[in-house]
Amino acid sequence: MIPQIFSLGPLPINSFGLMIALSIISGGILLARSFSSNGINSKLAEKYILTGSLVGLLGARIWYVFIDNFSELKGQLFSALFSSAGFTFFGGFIISTVVLIIMTKLDKIPLNKFLDSVGPCMAIGYAIGRLGCQLSGDGDYGILTENFLGMSYQTGVVPTPLGAKAYPTPLYESTICLIITWYLVNVETKKN
């Protein structure tokens, strides 16, 4: 595992953060392409990807702190909110979905065309984000196993016990999402 790639002076460059940045960039490129294919102004893609990303990260953090771990905080709410660890996909997905649907109403974008456009973007973003989980070893790997498919996350942010191996579910999910991205892009290309 490589939780921290390098430092720029006092600023650490973490593998998970780098993968999130790459997922936003690649998602933005795909969203602009999809917007154009679906008859939506491609210049709006930047607005939607930045808003969706920022609101999604905020929602993922809020969900992690208030829904998943609130009982464990014991008076550490402020430090938990501003810690660099802890995001839950569901919170980001739910909150950003609500905000982006409101934005489509304000921009008069047909919801069906917007949702068609967002599919490939979400799949590539999730695939790259899960690679960040794999690189950092953040604890959301699979169950422990003796199987040859198991990996040790001993040097991860949330390490496995000494000598234990777990299924590398972030790799499985990334692979599946890359296949979904490829399929959706092909369907979109053939549609036009």
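Is Lys47 buried, partly exposed or exposed? With a relative accessibility of 37%, Lys47 counts as partly exposed, because the range for that class runs between 20% and 50%. The tour returns to this residue below. Please keep in mind throughout that the model is predicted.

**Stop 1: the whole chain**

Begin by displaying the entire chain as a cartoon. Seven helices and four strands are present. Read from the N terminus, the elements follow the order β-β-α-α-α-α-α-α-β-β-α. The C-alpha trace extends over about 55 × 45 × 35 Å along its principal axes. Of the 192 residues, 37% count as buried.

Next, colour the chain by pLDDT. The mean value is 90, and 92% of the residues reach 70 or more. Select residues 77-81 to find helix H4, the element with the lowest mean pLDDT, 66. Then select residues 169-191, helix H7, whose mean of 95 is the highest among the elements.

**Stop 2: a nonpolar patch on the surface**

Select Ile2, Ile5, Phe6, Leu8, Leu11, Leu18, Leu22, Ile25 and Ile29, and show the surface. Together these residues form a nonpolar patch with about 830 Å² of accessible area. Strand S1 (4-8) and helix H1 (15-37) each supply at least two of its residues, and H1 contributes the most, with four. Now centre on Ile5, which is located in strand S1. Its relative accessibility is 37%, so Ile5 counts as partly exposed.

**Stop 3: the largest pocket**

Select Phe16, Ile20, Leu57, Phe87 and Phe89. Among the 48 residues lining the largest pocket, these lie nearest its centre. The pocket has a volume of about 1600 Å³. Which element gives the most to the lining of the largest pocket? It is H6, with eleven residues. Strand S2 (11-14), H1, helix H2 (44-68), helix H5 (89-106) and helix H6 (111-136) each supply at least two lining residues.

**Stop 4: salt bridges**

Side chains of opposite charge can pair when their charged atoms come close. In the whole structure, four salt bridges are found.

Select Glu188 and Arg33 first. Their side chains meet in a salt bridge, with an N to O distance of 3.4 Å. This pair links distant parts of the chain, for Glu188 belongs to helix H7 and Arg33 to helix H1, 155 residues apart. Glu188 is buried, at 5% relative accessible area, whereas Arg33 is partly exposed, at 35%.

Return now to Lys47, and select Asp107 with it. The two side chains form a salt bridge of 2.9 Å, N to O. Asp107 is in the loop between H5 and H6 and Lys47 is in helix H2, 60 residues apart. Asp107 is partly exposed, with a relative accessible area of 27%.

Finally, select Arg130 and Asp140, whose closest N and O atoms are 2.6 Å apart in a salt bridge. Arg130 is in helix H6, and Asp140 is in the loop between H6 and S3. Arg130 is buried, with a relative accessible area of 7%, while Asp140 is partly exposed, at 31%.

**Stop 5: two loop residues**

Select Lys108, in the loop between H5 and H6. Its phi is near 55 degrees, a positive value in a residue other than glycine. Most residues other than glycine have a negative phi. Lys108 counts as exposed, at 74% relative accessibility.

End at Leu162, in the loop between strand S3 (144-145) and strand S4 (165-166). Leu162 is exposed, with a relative accessible area of 74%. Select Ser152 as well: the C-alpha atoms of Leu162 and Ser152 are separated by 8.4 Å, and the two residues are ten apart along the chain.

Methods: Residues are numbered from 1 along each chain as its sequence is written. This is a predicted model: local features need pLDDT of at least 70, side-chain atom pairs count only at pLDDT 80 or more; totals for chains, interfaces and linings use all residues. Side-chain values use heavy atoms; hydrogens and water are left out. pLDDT is the predictor's confidence in each residue, from 0 to 100. Patches are made of residues with over 30% relative accessible area and no salt bridge: like charges are joined within 9 Å, nonpolar side chains (Val, Leu, Ile, Met, Phe, Trp, Tyr) within 5 Å. Accessible areas come from the Shrake-Rupley method with a 1.4 Å probe; for residues, only the protein chains shown count as cover. Buried means under 20% relative accessible area, exposed over 50%, partly exposed in between (1.4 Å probe, protein chains only). On a 1 Å grid over the protein atoms alone, a cavity is a set of points where a 1.4 Å probe fits but cannot get out, and a pocket is an open set with protein on both sides within 12 Å along at least five of seven lines; lining residues have an atom within 4 Å of a point. Grid points are joined across faces, edges and corners, and a volume is the space filled by probe spheres set on the points.
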